Amino acid sequence: MATKGNLSAVLRKVDDLSLEERPIPQPGQGEVQIQMQAVGICGSDVHYWKKGRIGDFILMAPMVLGHESSGVVSAVGDGVTHLKVGDRVAIEPGAGCRQCSFCKEGRYNLCPDMKFAATPPIDGSLCRYYCHAADFCFKLPDHVSFEEGALLEPLSVAVHACRRAGISIGSNVLVCGAGPIGLVNLVTAKACGASKVAITDIDEGRLNKAKELGADYIFKIDPTKDSRDIAKEIENSLGAADQTIECTGAESSFHTAIYATKSGGTLVVVGMGKPVVQFPIVDALVREVDIRGIFRYTNCYPAALALVASGKVDVKPLITHHFKLEQSLDAFETSRTGAGGAIKVMIHCNEEYQN
């Protein structure tokens, strides 16, 4: 199975994504080398490709893309005892310093020295071979596919969001946005015990997918309508949302989310839009709507893996398109445009993979 090169999808600058051979990396202390298998394309990958930055993270030098990943351990560094060559693993793409107060408190996602794959200047995993901290690699049961292992990354975002929201048995939940992150929040909210989940989007195809995945109510949003009126329509079907998870980053959707959340309820903002937005702060204040942010996730991979391995959550229907590593540019264009109803585009890095 081994190859002589390390073909990698490298973003050199805005709109300049190309394949190049790089040296095969060797694992250091506490690391494993992984022969990559499946890598999902995230919206952040596309954003770096087209914009070159997300907030303060700016592309300054060539960078390998990809962070939703799984593969097979192909070499083991010194000090690694819980993994061996041949183990199938999902890769949690960020590792903190392990020394700061955030890491020691278990909130390593807030570590100021976080090294996160495919976030400048750290290379990602869209390549043949990749090295990563072994304690952030999770062994996959035999019945969990590489594709499912790659999707543990966005699923972990949803686990973190649902935990931050406090979703539990009997919750009425609103999810704003039916893209990949909105859809994994839908299925995770259901797994947490939510009795009813409503989801919004401007795209009817994505709403139909949400219905297939168990949404109780779907709402196609007319962007010209007032946010209060949209919230009222949602409330007439769902009731007031105990928890709302906003996944679009759109300012108008943020407004709807506030208005649709019940007094004393919780709004978790996942979607990242403009750096500065206007929102109805007084409405949230006088009704004691708690507004919480999330940044990636922390200690969520084990739960995400358990959800998939147990069958409580099925992420396979999210995968709509498959490409080989050599077809990365086509894969990114498909993800960007949504051609063919694309939701989650998966790239297969093993050169033996056949479409």
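Mentor: The lining of the second largest pocket has eight nonpolar residues, three polar and two charged (Ala, Val, Leu, Ile, Met, Phe, Trp, Tyr, Cys and Pro are nonpolar; Asp, Glu, Lys and Arg charged; the others, Gly among them, polar). The model is predicted: local features need pLDDT of at least 70, side-chain atom pairs pLDDT 80 or more, while totals for chains, interfaces and linings use all residues. Numbering starts from 1 along each chain, and side-chain values use heavy atoms without hydrogens or water. The pocket (an open set of 1 Å grid points for a 1.4 Å probe, protein on both sides within 12 Å along at least five of seven lines; lining atoms within 4 Å of a point) holds about 200 Å³ (space filled by probe spheres on the points). Pro25, Asp123, Gly124, Tyr129 and Tyr130 are the closest to its centre among 13 lining residues. Strands β1 (6-13) and β11 (129-133) each give two or more residues (DSSP runs: E, at least two residues; helices H or I, at least four), and β11 has the largest share, three.

Elsewhere, six strands form an open sheet in the order β15-β14-β13-β16-β17-β18, paired in parallel (at least two DSSP bridges per pair). β15 (217-220) and β18 (290-293) are at the edges with a single partner strand each, so one side of each lacks a neighbour in the sheet. The average twist from one strand to the next is 15° (axes fitted to C-alpha atoms, N-to-C, 0 to 180 degrees; for helices, over the stretch in contact). Five bridges join β13 (172-176) to β14 (196-201), with Cys176 partnered by Thr200. Helix α6 (204-212) lies across β14 and β15, at about 175° to β15 (contact: heavy atoms within 4.5 Å).
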